[in-house]
Amino acid sequence: MVVSDNGTELTSNAILKWQEERHVEWHYIAPGKPMQNGFVESFNGRLRDECLNEHLFASLRHARHLIATWREDYNHHRPHTSLDGLTPREYFNRSEKDQTRNGLNF
């Protein structure tokens with residue numbers, strides 16, 4: 001299932017056709033209620049501002065390459081203030097002791 005806002009890029013006929021052809025469930029959050037999808041609002045904004053708005057994609061292959069490169073940087077090289085200055089990879093790889101100490105027991 002895909003959960004998204006009602007932005008024009010996610011309500012277009014092309015998206016609706018793609019979703020229907022592939023039998024992908026789609027759930028739109030209520031207008032004006034971004035917290036219904038709060039976990040990804042920040043990420044979506046960054047992806048849009050730093051990657052999607054910065055490139056013209058010549059093909060699907062080109063888009064996949066540029067997005068994968070951006071994702072690699074985002075997850076493996078860029079520290080996140082919400083993770084105490086760690087990258088998502090570093091945060092994920094912390095020891096069990098560290099995770100328990102911070103009240104997060106995975």
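Which loop does D84 lie in? D84 lies in the loop between α3 and α4 (88-92), where helices (H or I, at least four residues) and strands (E, at least two) are DSSP runs numbered from the N terminus. This is a predicted model, in which local features need pLDDT of at least 70 and side-chain atom pairs count only at pLDDT 80 or more, while totals for chains, interfaces and linings use all residues. Residues are numbered from 1 along each chain as its sequence is written, and side-chain values use heavy atoms, with hydrogens and water left out.

**Overall make-up**

- The protein chain holds 5 helices and 2 strands, arranged along the sequence as β-α-β-α-α-α-α.
- Of the 106 residues in the protein chain, 16% are buried; buried means under 20% relative accessible area, exposed over 50%, and partly exposed in between (1.4 Å probe, protein chains only).
- Among contacts (heavy atoms within 4.5 Å) with a separation of 6 or more in the protein chain, 24% are between residues 24 or more positions apart.

**Helix α3**

- Helix α3 (residues 60-76) has 17 residues and spans 24 Å from its first C-alpha to its last, close to the 24 Å expected at 1.5 Å a residue. The expected span is 1.5 Å times one less than the number of residues in the helix.
- A63, L66, W70 and Y74 are the buried residues of α3. They lie on the same side of α3 because they cover an arc of only 75° around the axis, the arc being that of the directions from the helix axis to the C-beta atoms.
- R61, R64 and H65 are exposed residues on the face of α3 turned away from its buried side.

**Positive phi in loops**

- H23 is a residue other than glycine with a positive phi, near 55°. H23 sits in the loop between α1 (13-21) and β2 (26-28) and is exposed, at a relative accessible area of 73%.
- D84 is also a residue other than glycine with a positive phi, near 55°. D84 is exposed, with a relative accessible area of 71%.

**R94**

- R94 is in the loop between α4 and α5 (96-101) and counts as buried at 14% relative accessibility.
- A polar atom of the R94 side chain lies 3.1 Å from the backbone oxygen of Y91.

Methods. A polar contact is a pair of N or O atoms within 3.5 Å; within protein, one must be able to donate a hydrogen and the other to accept it, and residues adjacent in sequence count only if both atoms are side-chain atoms.
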